[in-house]
Amino acid sequence: MIEVMIFVALVGVWFWANWERSDAKVRKTAANTVSPWDYDASVVEADHVLEDYRRRKQRSRVKSLLKSPSLDGMPRSSSIDNTMEIKITNNLDDEVYVDLCEKTIECIEDDTRRNILIDYYIKRPIAVELLIADSGYSKAGYYIALKDALYTFASIWPAGSHGLLVDKE
């Protein structure tokens, strides 16, 4: 009887120590068994969206200039595309995309996750080692927290029927 009690106590101590050291892994595993969403695929989708943020932010700053058509009597091509209209709508799409990314990050309630995404994707790019040092996480812990933040971003993203969440297959 005493051996069983000692064994249960040791297992409890071991479990608690591992829970404190790697809580994100434990939560991820528990979420995967209950959730209908694929954690890793959803994280990849969120990463694709946020990786494109800086490029789209730069493109949204470029202003399209409207010019009057030149009618000089020269023959024109048979193209019916309005290139200026396409440039304007692409610019608007970039502005909407950037605004959507920023508002989605603002909606994340957990300050740590929100700050990790802002530092990693939104602010000026700096060395990842500096971000890790400023965060207080170990290198592995930082990437686990980043994956959790990306999963949270994917679950909040408003575009599409399920946002960026990917069904388990």
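The largest nonpolar core of this structure has 28 residues. Within this core, the residues with the most contacts are Val49, Leu50, Cys101, Leu117, Leu150, Phe153 and Leu164. The model is a predicted one.

- Two or more residues of the core come from each of α3 (39-51), α5 (83-106), α6 (111-122), α7 (128-135) and α8.
- The element that gives the most is α8, with eight residues.
- Cys101 touches Val49, Leu50, Tyr53, Phe153 and Trp157, leaving aside residues up to four places away in sequence.
- In soluble globular proteins, nonpolar side chains tend to be buried together.

**Helix α8**

- Buried residues of α8 include Tyr142, Ala145, Leu146, Asp148 and Ala149.
- Leu150, Tyr151, Thr152, Phe153 and Ala154 are also among the buried residues of this helix.

**Aromatic residues**

- The structure holds five aromatic pairs.
- One of them joins Phe153 and Trp157 in a tilted arrangement, with 5.4 Å from centre to centre and 40° between the planes.
- Both Phe153 and Trp157 are buried.
- Together with Tyr97, Phe153 and Trp157 make up one aromatic cluster.
- Over the face of Tyr97 lies Arg56, at 4.0 Å from the ring centre.

Terms used:
Residues are numbered from 1 along each chain as its sequence is written. This is a predicted model: local features need pLDDT of at least 70, side-chain atom pairs count only at pLDDT 80 or more; totals for chains, interfaces and linings use all residues. Side-chain values use heavy atoms; hydrogens and water are left out. Rings of Phe, Tyr and Trp (its six-membered ring) pair if their centres lie within 6.5 Å; planes under 30 degrees apart count as stacked, over 60 as edge-to-face and the rest as tilted. Buried means under 20% relative accessible area, exposed over 50%, partly exposed in between (1.4 Å probe, protein chains only). A charge sits over a ring if NZ of Lys or CZ of Arg is within 6 Å of the ring centre and within 35 degrees of the ring normal. Helices (H or I, at least four residues) and strands (E, at least two) are DSSP runs, numbered from the N terminus. A nonpolar core is a set of buried Ala, Val, Leu, Ile, Met, Phe, Trp, Tyr and Cys residues joined through side-chain atoms within 4.5 Å. Contact means heavy atoms within 4.5 Å.
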